[in-house]
Amino acid sequence: MSPALPAVTDETVTAWALAAAGGDRDAVDRFVRALQRDVRRYVAYLAGDPQKADDLTQDTFLRALGSLHRFEGRSSARTWLLTIARRAVVDSMRHASARPRLTDTGDWQTAAERSQPLGLPGFEEGVALMDLVDSLPDDRREAFVLTQMLGLPYAEAAAASRCPVGTVRSRVARARLSLAGALEAAEPVRKAEPVAA
């Protein structure tokens, strides 16, 4: 396992992308390592399927590295790459809907739940939060993940989503209201549960 990179600025990542486009192999490695985690988180949320995230991340980087020679730096490399990631997810969804896959288990949801690790600190809260975020409409979930979880500025999230900045702001605000409402609705249930002794 390679060591984690410290947080880098968008300007640095963009410079690496431009250097990589010029043939610098070290810059390619730094570019991929710097953005791999963000891309994986983004595609996992967009696809709604964490199991496909690795494949979608790989597809995103294959597409990006294949077209890196056309990257001119007019936007940040992060925005450019997340736009490619979005296209990869959309293409994957189109492909999946055109060719539905059969499964040999009748109860796939139970099988998936059994395969997840249990007993980790904060596991239940993390699952609950993921469920709430996943329950958001696609456009709101995308805007929320880009800005609140990946930390992109609203302008870059708008570029990645191919919509106006005001639309992203509105979607994030509505996502926050939906999440707050869902948490508030769940609070009386949690207070009513008996405390284990």
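The model is predicted: local features need pLDDT of at least 70 and side-chain atom pairs count only at pLDDT 80 or more, while totals for chains, interfaces and linings use all residues. Residues are numbered from 1 along each chain as its sequence is written, and side-chain values use heavy atoms, without hydrogens or water.

Helices are DSSP runs (H or I, at least four residues), numbered from the N terminus. Two packed helices are described by the angle between their axes and the distance between the axes. Axes are lines fitted to C-alpha atoms over the stretch in contact, and angles run from 0 to 180 degrees between N-to-C directions.

Helix α2 (25–47) packs on α3 (residues 53–67) at about 130°, with the axes 8 Å apart. The crossing of α2 and α3 is right-handed (near helix turned clockwise from the far one by less than a right angle). On the α2 side, the contact (heavy atoms within 4.5 Å) includes Phe31, Leu35, Val39 and Val43. Residues from α3 include Leu56, Phe61 and Leu65. By class, this contact has twelve nonpolar, three polar and two charged residues. Nonpolar means Ala, Val, Leu, Ile, Met, Phe, Trp, Tyr, Cys and Pro; charged means Asp, Glu, Lys and Arg; the others, Gly among them, are polar.

Helix α2 also packs on α7 (residues 138–149), at about 160° and with the axes 9 Å apart. These helices are therefore roughly antiparallel. Their crossing is right-handed. Arg41, Tyr42, Tyr45 and Leu46 of α2 meet Arg141, Glu142, Val145, Leu146 and Met149 of α7. Six of these residues are nonpolar, none polar and three charged.

Helix α7 in turn packs on α8 (residues 154–161); the axes come within 10 Å and cross at roughly 145°. This crossing is right-handed. Glu142, Leu146, Thr147 and Gln148 of α7 meet Tyr154, Ala157, Ala160 and Ser161 of α8. The contact has four nonpolar, three polar and one charged residues.

A search of the whole structure finds one cavity of 30 Å³ or more. A cavity is a set of points on a 1 Å grid over the protein atoms alone where a 1.4 Å probe fits but cannot get out; lining residues have an atom within 4 Å of a point. The largest cavity holds about 40 Å³. Ala44, Tyr45, Gly48, Asp49, Pro50, Met130 and Asp134 line this cavity. Helices α2 and α6 (123–134) each supply at least two lining residues. The lining has four nonpolar, one polar and two charged residues.

Note on methods: On a 1 Å grid over the protein atoms alone, a cavity is a set of points where a 1.4 Å probe fits but cannot get out, and a pocket is an open set with protein on both sides within 12 Å along at least five of seven lines; lining residues have an atom within 4 Å of a point. Grid points are joined across faces, edges and corners, and a volume is the space filled by probe spheres set on the points. Angles under 35 degrees count as roughly parallel, over 145 as roughly antiparallel, 65 to 115 as roughly perpendicular and the rest as oblique.
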